[in-house]
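Let us take a walk through a protein model together, one region at a time. Keep the sequence and the 3D view side by side as you read.

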Amino acid sequence: MAKKTFTLLLIMVLFLGIHSCGRPEREPISKTNSPPVITALSILPENPTLKNDLGVSIQSKDPDQDPITYQYQWIKNDAELVGENKPVLKSGTFQKGDIVQVRVTPSDGKVEGTPFLSNPVRILNSPPVVQEVSIEPKTAFANSDLKVIVKGFDSDGDFIYYAYRWEKNGVALPEEEKEVLKQGNFKKGDSITVTVTPDDRETTGAPKKSEAIIIANSPPLIVSSPPQSVKDSKYIYQVKINDPDNDPVTFVLKSGPKGMEIDRNTGLIRWEIKKEDKGSHQIEIEASDSEGGRSTQRYILSVDFRTPQ
């Protein structure tokens, strides 16, 4: 009886000991990593030209809040560009009319997400540029024709057409739209400018205005031809001039034979020839206006005659 009682107590102790230890702990269940996801992708700028570098705007998320990195592959006209796997596609890699896309693959360092292909963008026309504009001649007179000198550039290599807008003293000359402004449209003292606008028949570029030129005083021009020989005892020569500014003109005989005279206001030359005047004579006439403009005429006068005995 005592042996049975001891055995029963031993079983109870063992039973209670097992229950007092509790259940064995379970090993933690490992959490599955989720790949990152790109939710939006676009190329910037939205309307690129040949001069632009192309960048990428990305919106993405990672369910596990892991940091995200990206792999890039640029595509032009449906063909992958070898070696172009950076976030920026430099200008010079494409030209006007090309279709460009970028495929971006996200990664959290553990797994890659689904690649995302951007919408295509077309490389647009670049507007032409006027680099320099000036008027020639630099010193212009009322009887000058003025011409525009233009230096332009088009990134796409398109032919450039130009539109011209001439101004006189700040007021547009509406009928003058060519590269040459003819004499008669301005006078001494006028300020002339021209604005040039470039156009490649797709896009109009920014206009550029020239510096002003001031129409200078025009010197009087001697337009008559002198008689260069005489066989008589009198020499008469009416000097004729043209002053584009209609300034008053005076005349001076700078050199000539003894006794030859010129009328200061009319330009009429008279000379009573004597026997001893036979031979060649150097003549120089100067015409000058009220503002210091001047011109000269030089010639050789030959006297060959016999005076009456």
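Start with β17 and β24, which pair in the parallel sense over 2 bridges. Two strands pair if DSSP finds at least two bridges between them, and the strands themselves are DSSP runs (E, at least two residues), numbered from the N terminus. If you look for V230, you will find that its bridge partner in β24 is V303.

Before going on, a word about what you are looking at: this is a predicted model, in which local features need pLDDT of at least 70 and side-chain atom pairs count only at pLDDT 80 or more, while totals for chains, interfaces and linings use all residues. Residues are numbered from 1 along each chain as its sequence is written, and side-chain values use heavy atoms, with hydrogens and water left out.

Now widen the view. The strands β17-β24-β23-β20, in that order, form an open sheet of 4 strands with mixed pairing. At its edges stand β17 (229-230) and β20, each pairing on one side only.

Next, look for the largest nonpolar core, where Y235, Y237, V239, I269, I285 and L301 touch the most other members out of 18 residues. A nonpolar core is a set of buried Ala, Val, Leu, Ile, Met, Phe, Trp, Tyr and Cys residues joined through side-chain atoms within 4.5 Å. Here "buried" means under 20% relative accessible area, "exposed" means over 50%, and "partly exposed" is in between (1.4 Å probe, protein chains only). At least two residues of this core come from each of β18, β20 (249-255), β22 (268-272), β23 and β24. Another core, of 16 residues, lies apart from it, with V133, I135, Y164 and I215 among them.

Which aromatic rings pair up? The structure holds 2 aromatic pairs. One of them joins F159 and Y161: their ring centres are 4.9 Å apart and their planes at 70°, so the pair is edge-to-face. Rings of Phe, Tyr and Trp (its six-membered ring) pair if their centres lie within 6.5 Å; planes under 30 degrees apart count as stacked, over 60 as edge-to-face and the rest as tilted. F159 counts as exposed at 59% relative accessibility, whereas Y161 is partly exposed at 37%. Y237 and Y299 have ring centres 6.2 Å apart and planes at 85°, so this pair is edge-to-face too. Y237 lies in strand β18 (residues 234-238) and Y299 in strand β24 (residues 294-303), so the pair ties together parts that are 62 residues apart in sequence. Both Y237 and Y299 are buried.

Let us finish with two serines. S288 is found in strand β23 (residues 279-289) and counts as buried, at 12% relative accessibility. S218 lies in the loop between β15 (213-214) and β16 (221-222), and S218 is buried as well, with a relative accessible area of 1%. Leaving aside neighbours within four places in sequence, S218 is in contact with F141, A142, N143, D243, P244, D245 and D289.

Note on methods: Contact means heavy atoms within 4.5 Å.
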